[in-house]
Amino acid sequence: MKPWTAVVRRYPHFDPVISADDAYKIATDPSSVAKHSFYPFLKYDEGWTSFAKKGLPGRRKDRPIRYAARLDSCIFSYYRHLLSQPYETQLQNEGLSGSVIAYRRVTKTGGKGGKSNVEFALSAVEAVRSYNNCCTLALDISSFFESLDHRRLRSIWADLIGASRLPDDHFKVFEAITRYAYVELEDAYERLGFYGEKKDRRGKTRPGYLKSMKEMPVQLCDGKTFRSKIASDGGLKSIINVNTEGKGVPQGAPLSDLLANAYLLEFDKFVRDLCASVGGTYFRYSDDILIIAPVDIDLALSLETDVRAAIGGLGQGLVIKEEKSAIHQFEQSGGHQIVRVVKAFDKDGRLMSRKPFEYLGFRYDGNSIYIRDKTMSNLHRKIASVCRASAIRMAKRFQGKTADEILELADLESLIQAFGTVEDFRSKSSDYRAWTFTTYAKRASRAMGVLGTPISRQVGGLRNSIRKRLAYELQRVIA
């Protein structure tokens, strides 16, 4: 395993920026960690609208994301490093290295680089195809990170480091990640004068950020201001919240993902043995469970019952969502497989007669692999949103001109660049921030070979789609 290095981020937070060397010295010194005062996490909700058929409203979904102060994040990262070594040894000893695939570096065949969800999805499809006739069980754990029991986590943590009780430094980090404090991002910015009432382009007053993210100070406030306006020693009501539920870790913290994986080790061992008993294959990507086995429908339903029963005991406090579970049957027919849905529910809990087999953002129809419909729908929603914003800006800039005239003046290439092929991508491919949807899709298509041929067609008309959408939005704005 590679040695740990401190990476100090420059996002806005309560603490000052320190050097990577200083962060390393503090994070790796148990006495300094044991005395360290952790800042509250900053919390926001990552929201999206779920895929829905045309004409129907999608259901709004929100995932709470909490991110730590810079030095705190380095400390969490270092203790993740300490715990990951014994956890990886456990996985190796139990033969689970290829089954538990999220939040870990799983080396590609040949040892060049790590696998991504593209390779994991391909492995699942290849397993389905290798059995010819089989069933798949796709199950989803409800509120995974928010449901981890603290007492059990403490015991798991101690087991990983081979101790009967946590040393002072480990206990300090354990408390910071379980009984964590957090502040709502907008509340913090409002208290510090970065969020409030502002006028929009139509002259209407609405709440919003008073500074752009680029203008936001890296250290949001000094210690005195933090105490008076956030912790509120100066008479204002504190806006710091504390998790006193006895369960849950903050999704987004560097240590939470490893704790979530370790929490399910006994469950993973149970499902491994269950799959082995029927000659099947097991994958778990965070809260997504996938079992592929050469069994008939009756045995597949029995396996589902066993897994649901096991999660309650071996994954204390966890439950599997009924509405996000699905069982499919695959039968070999000539050169492809026929796919039938055995059991699946819609968002209202009703049985579905049709539901594609999907895994990690991809769909397999028994013959080929596609990017799933929900992902493509979300892409076109994002294109519509970006084109709408661009049309509003350009209409304001080129007042008096027609929509067609503005379209001719538009920097269409810059807009396409946000979604299309990245120039000189080969030199940037290791940096995921340089990726666009098209580069991701092309990479997926190449990795999946003949099976992924349709993926290129799915994004083939993206340039034309963006131009048409921009023209449509310009016509709407001008009208």
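Biologist: Why is Arg476 called partly exposed?

Modeller: This is a predicted model, and in it Arg476 has a relative accessible area of 47%.

Biologist: What makes Glu473 buried?

Modeller: Its relative accessible area is 1%. Buried means under 20%, therefore Glu473 is buried.

Biologist: How do you know that Arg476 forms a salt bridge with Glu473?

Modeller: The closest N and O atoms are 3.7 Å apart. The cut-off is within 4 Å, so the pair counts as a salt bridge. Arg476 and Glu473 are 3 residues apart in helix H17 (residues 462-478), which means about one helical turn separates them.

Biologist: What makes Lys43 and Glu184 a salt bridge?

Modeller: Their side chains meet at 3.0 Å, N to O, and the limit is within 4 Å. The pair links distant parts of the chain, with Lys43 in strand E1 (residues 41-49) and Glu184 in strand E4 (residues 181-184), 141 residues apart.

Biologist: Why is Lys43 counted as buried?

Modeller: Lys43 has 11% relative accessibility, and buried means under 20%. Glu184, at 25% relative accessibility, counts as partly exposed.

Biologist: How do you know that Glu119 forms a salt bridge with Arg443?

Modeller: Their closest N and O atoms are 3.3 Å apart, and the criterion is within 4 Å. Glu119 lies in helix H4 (residues 117-131) and Arg443 in helix H15 (residues 437-447), so the pair ties together parts 324 residues apart in sequence. Glu119 is buried at 13% relative accessible area, and Arg443 is buried at 15%.

Methods: Residues are numbered from 1 along each chain as its sequence is written. This is a predicted model: local features need pLDDT of at least 70, side-chain atom pairs count only at pLDDT 80 or more; totals for chains, interfaces and linings use all residues. Side-chain values use heavy atoms; hydrogens and water are left out. Helices (H or I, at least four residues) and strands (E, at least two) are DSSP runs, numbered from the N terminus. Buried means under 20% relative accessible area, exposed over 50%, partly exposed in between (1.4 Å probe, protein chains only).
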